[in-house]
Amino acid sequence: MASSMKSLFSDHSRYVESFRRFLNNSTEHQCMQQFMDEKLPGIIARIGDTKSEIKILSIGGGAGEMDLHILSKVQAQYPGVSINNEVVEPSAEQIAKYKELVTKTSNLENIKFTWHKETSSEYQNRMMEKKELQKWNFIHMIQMLYYVKDIPATLKFFHSLLATSAKILITLVSGTSGWDKLWKKYGSHLPRDDLCQYVTSSDLMQMLDKLGIKYECYDLLSTMDISDCFIDGNENGDLLWDFLTETCNFSTTAPPDLKAEIMKDLQKPEFSVKKEGKVLFNNSLSFIVVEA
């Protein structure tokens, strides 16, 4: 449809910048912190019972902000108990930021950190070759299942690594979010990339049901201020367009009729709310807790 449109993932530095703008313009992190503060203590209440060490596996740990937030909750629940925290993260840049964050953070004395620069499927293959599967008390996958080719196989594998009373926490965009509507309507018109899948919590719950895996789902409202997307030539708006469409330089390379149609839709109530002169895209998140 648009030969000049290319996937945002083909330009790493632009992807990183557009993701940064997304975080700056959305309540994504606040929403996650609210969940960690209000719900996580109850979820992890039994994962470390009678254990001398709690084993935590972070899949796609990124730069570590959320990981450290989770670890602080585990420490509060199990004061003084040693924690073995292993991180699977394919980006060397993110691992470097994570390590830097750890050096700047106090009260981590009882936590041992190990980083593996690999994707979740590389980790899975490495573990399968070992034939000696490590069991974990808590595994979390925050906003990373979009980058997995075979999601059901991944879910099944990590579920098999759970110790007794262990849990997996998965975060994804909600099936009620604007993302769901955007992907369903326009996914076929945008440049696809093997790196990313359009998957929401609704899809994930169907997969878990098929696998017969027990879970609970919590939805939390989050928004992204996309007002700048409607100002022609606005740099912040252009980068947010890239993030929304996963398309590099969408504003300048997209067919004008496609851009006009998406622009019109983004202002509709099923995609966004208008508040105090701002257009707030529905970025709602789902937190899915999988039981052992």
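## Residue S58

S58 counts as buried because its relative accessibility is 0% (buried means under 20% relative accessible area, exposed over 50%, with a 1.4 Å probe and protein chains only). The model is predicted: local features need pLDDT of at least 70, side-chain atom pairs count only at pLDDT 80 or more, and totals for chains, interfaces and linings use all residues. Numbering starts from 1 along each chain as its sequence is written, and side-chain values use heavy atoms, leaving out hydrogens and water.

S58 sits in strand β2, residues 53–59 (strands are DSSP runs of E, at least two residues; helices are runs of H or I, at least four; both are numbered from the N terminus). Leaving aside residues up to four places away in sequence, S58 touches D67, E86, V87, V88 and H140 (contact means heavy atoms within 4.5 Å).

## Helix α9

Helix α9 spans residues 201–211, and its buried residues are S201, L204 and L208. They lie on the same side of α9 because they cover an arc of only 60° around the axis (taken from the directions from the helix axis to the C-beta atoms). The face turned away carries the exposed residues Q206 and K210.

The buried residues of α9 pack against α7 (151–159), β6 (162–173), β7 (215–220) and β12 (285–291). Just after α9, G212 takes a positive phi of about 70°.

## A three-stranded sheet

An open sheet of 3 strands runs in the order β8-β11-β10, with antiparallel pairing (two strands pair if DSSP finds at least two bridges between them). β8 (223–225) and β10 (272–275) stand at the edges with a single partner strand each, so one side of each has no neighbour in the sheet.

β10 pairs with β11 (residues 278–282) over 4 bridges, in the antiparallel sense. K278 in β11 is the bridge partner of K275.
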